[in-house]
Amino acid sequence: MGPEEARRVYVLERLVAGELTSAQAAELIGLSQRQVKRLKQAFTKEGPASLLHDNRGRQPRHTTPDAIGQLVVDIVSSGCKDASCLHMSELLMEHHRVAVSAKTIARILAQAAIPNRHTHRAPRKTRCRDRMPREGLLVQVDASPCAWLEDRGPKLALHGAIDNATSKVLGLVFAPEETLNAYLTRMQQVIQDHGVPQSLYSDRHSIFFAPKRDQLTIEDELQGRVVGFTQFGEALSELGINQVAARSPQAKGRSERLRRTRQSRLLVELRWQGMATLEAANRFLPGFLHRYNQRFAV
């Protein structure tokens, strides 16, 4: 019994004993005289227990069962330690048919003293580039070298392409490192599944642009001299795709944010599935790509 309830017991005892009037008791405990009379009647029959709420000591109907809480803790401790709470919620529904909200998962982790690096986000400081008005006008590409398979397999580079208008991931492919063949394979995916884009936005890697691109003097340009295409650039030229070079990582922000999201979600799901080889990881990508676009494409 709390202090407020103990105060009411004391006042009601004096009221029943005739030491206080209903008006005085109502003023002391901050209720109307009608409520005080109702409390007096119940107190006379049941004693101090009448002041306790009927739900005292009961578990609320919407409380998360202990078994589900333990399941969340076990999953986080085993394979989902780097996943966001929202991603954990999606994985629980997909693999265990258990519906738990991201907020509930965050509360369970907090109660279990398990830190989550996605809990706090830095304030947004930069303005996003305006989206293109139509899908296919601009596609951003990059590669993400990372220990995607962690200690289960070799280090890989994930080559990706994202549409600027819709944030739809158009193609993904793993390779041992960032290579021309991987970019060509990825572009083949994009063209076969989505058609030929109008422009391709990339960094200034030598795969995309000749190293001596910026070494032409004004006199060379006036005389019409140009730097030859790379093999990749030649292929894009034959398809009529315009190449655009980014001056900084921030300039191609969608692909940079996609890199962070992939490293958060894809790395966890590869661990969840126990992927340990390049071939297995590439077979896993189409299903991941479909789920990702359903969740994030606009």
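**Legends to close-up views of a predicted model**

A search of the whole structure finds zero disulfides, a disulfide being a pair of cysteine sulfur atoms within 2.5 Å. This is a predicted model, in which local features need pLDDT of at least 70 and side-chain atom pairs count only at pLDDT 80 or more, while totals for chains, interfaces and linings use all residues. Residues are numbered from 1 along each chain as its sequence is written, and side-chain values use heavy atoms, with hydrogens and water left out.

**View 1. The open sheet of five strands.** The strand order is E3-E2-E1-E4-E5, with mixed pairing. Strand E3 (169–175) and strand E5 (242–245) stand at the edges with a single partner strand each, so one side of each lacks a neighbour in the sheet. Neighbouring strands of this sheet are turned by 20° against each other on average, direction ignored. Strands (E, at least two residues) and helices (H or I, at least four) are DSSP runs, numbered from the N terminus; two strands pair if DSSP finds at least two bridges between them. Axes are lines fitted to C-alpha atoms, for helices over the stretch in contact, and angles run from 0 to 180 degrees between N-to-C directions.

View 2. Seven of the eight residues of E1 (residues 139–146) are buried, that is, under 20% relative accessible area with a 1.4 Å probe and protein chains only (exposed is over 50%, partly exposed in between). Cys-146 counts as buried because its relative accessibility is 15%. Eight bridges join E1 to E2 (residues 156–163), and the two run antiparallel; Pro-145 stands opposite Ala-157 in E2. E1 and E4 (residues 199–202) run parallel and are joined by two bridges, with Leu-200 in E4 as the bridge partner of Val-139.

**View 3. Strands E4 and E5.** Four bridges join these parallel strands. Ser-202 has Ala-245 in E5 as its bridge partner.

**View 4. Helices across the sheet.** Helix H7 (residues 180–194) lies across E1, E2, E3 and E4 and runs at about 150° to E3. Helix H11 (residues 278–296) lies across E2 and E3, at about 165° to E3. Contact means heavy atoms within 4.5 Å.

**View 5. The largest nonpolar core.** Such a core is a set of buried Ala, Val, Leu, Ile, Met, Phe, Trp, Tyr and Cys residues joined through side-chain atoms within 4.5 Å. Of its 19 residues, Trp-148, Leu-158, Leu-172, Phe-174, Leu-266 and Leu-270 touch the most other members. E2, E3, helix H10 (253–273) and H11 each give two or more residues, and the largest share, seven residues, comes from H11.
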